[in-house]
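I am opening a notebook on this structure. The entries below follow the order in which I looked things up.

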Amino acid sequence: MKIAKEWTFLQAIGVLLGTGAMVALSGVEANPNEFTYNYTAMYIALFCLIIMLTAGVLAKLSIKKWWMGYIAIVVYMPLLTGVMAFSWATSGLRNWIIGIPLLFTYFLAVLMPFINVKAAEFLHDELFAPTTKLGKTIVFSVLALGPIAGSFGVFLSSLFKRGEGLNGYMVFGAFYFLFLCWGTVNLVYQAWEQRPWKDEK
């Protein structure tokens with residue numbers, strides 16, 4: 001991924017439009033009956049975008065700090081449909097009980113290099129070139145189902161219909177959110193490798 005300092009004007013505009021679309025889509029709720037929009041989710045994604053833009057401006061000003069890239073990654077993954085996935089995972093609940101373990105999992109992913117470097121390295125390598133059966137199943141399943149997320153949510157909801165018929169969206173949202181947590185470990189590990197004290201003994 002290019003840092004902001006290397007972007008051309010057109011590339012910067014493209015990134016801004018793309019991330020703006022992510023912000024707008026993050027508020028779309030999983031409701032098979034009518035279109036509903038969650039402005040709170042949209043505001044959270046917008047806040048993530050502001051943090052990313054700030055990091056980009058600082059990089060443009062030649063203020064290079066390894067932790068700045070780390071922070072940008074931490075907010076990038078929620079922006080990259082993470083907020084939407086969380087919203088889908090909690091869409092059929094009256095409260096956000098399921099959100100607590102999901103949020104805990106995300107913060108665990110963010111801090112994984114600090115907690116266990118070897119585990120972070122293994123998860124990083126496993127995402128790029130899975131060697132375990134479970135890793136291959138997860139990666140190829142997400143790659144296959146990702147482009148048809150909405151249709152797959154409807155399909156699951158028809159199989160597990162109860163109440164408002166949102167169970168399928170909840171299952172897919174939780175699954176995809178956990179995959180994004182795995183992707184977060186992958187990216188923060190790359191930022192962790194840029195730490196200035198890496199070669200110190």
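**Elements.** I took helices (H or I, at least four residues) and strands (E, at least two) as DSSP runs, numbered from the N terminus. On that basis I found eight helices and zero strands in the chain. Read from the N terminus, the order is α-α-α-α-α-α-α-α.

**Ground rules.** I noted that the model is predicted, so that local features need pLDDT of at least 70 and side-chain atom pairs count only at pLDDT 80 or more, while totals for chains, interfaces and linings use all residues. Residues are numbered from 1 along each chain as its sequence is written, and side-chain values use heavy atoms, with hydrogens and water left out.

**Whole chain.** I used "buried" for under 20% relative accessible area, "exposed" for over 50% and "partly exposed" for in between (1.4 Å probe, protein chains only). Of the 201 residues, 39% count as buried. The chain exposes about 12,200 Å², and 70% of that comes from carbon and sulfur atoms. I then turned to contacts, meaning heavy atoms within 4.5 Å. Among contacts with a separation of 6 or more, 70% join residues 24 or more positions apart.

**Cores.** I looked for nonpolar cores, that is, sets of buried Ala, Val, Leu, Ile, Met, Phe, Trp, Tyr and Cys residues joined through side-chain atoms within 4.5 Å. The largest has 25 residues, and Tyr70, Val74, Met77, Tyr106 and Phe177 have the most contacts inside it. At least two residues of this core come from each of helix H3 (66-89), helix H4 (99-115) and helix H8 (167-192). H8 gives the largest share, ten residues. Another core lies apart from it, with nine residues, including Val23, Cys48, Leu79 and Val83. I checked Tyr106 on its own: beyond four places in sequence, its contacts are Ile73, Val74, Val75, Met77, Pro78, Phe177, Cys181 and Thr184.

**Surface patch.** For patches I took residues with over 30% relative accessible area and no salt bridge, joining like charges within 9 Å and nonpolar side chains (Val, Leu, Ile, Met, Phe, Trp, Tyr) within 5 Å. Phe104, Leu108, Leu111, Phe114 and Ile115 make a nonpolar patch with about 510 Å² of accessible area together. Leu108 sits in helix H4 and is partly exposed at 35% relative accessible area.

**Ser26.** I found Ser26 in the loop between helix H1 (9-25) and helix H2 (39-60). Is Ser26 buried or exposed? Ser26 is buried, with a relative accessible area of 2%. A polar atom of the Ser26 side chain lies 2.5 Å from the backbone oxygen of Val23. Not counting residues up to four places away in sequence, Ser26 touches Ala41, Met42, Ala45, Val83 and Met84.

**Salt bridge.** A salt bridge is a side-chain nitrogen of Lys or Arg within 4 Å of a carboxyl oxygen of Asp or Glu. I searched the whole structure and found one. Arg195 pairs with Glu193, their closest N and O atoms being 3.5 Å apart. Arg195 is buried at 14% relative accessible area, and Glu193 is partly exposed at 24%.

**His124.** I located His124 in helix H5 (residues 117-128), where 13% relative accessibility counts as buried. Polar contacts are pairs of N or O atoms within 3.5 Å; within protein, one must be able to donate a hydrogen and the other to accept it, and residues adjacent in sequence count only if both atoms are side-chain atoms. One of 3.0 Å joins the side chains of His124 and Asp125. Leaving aside neighbours within four places in sequence, His124 contacts Asn186, Tyr189 and Gln190.

Key: Areas by Shrake-Rupley, 256 points an atom, 1.4 Å probe, with all protein chains shown as cover.
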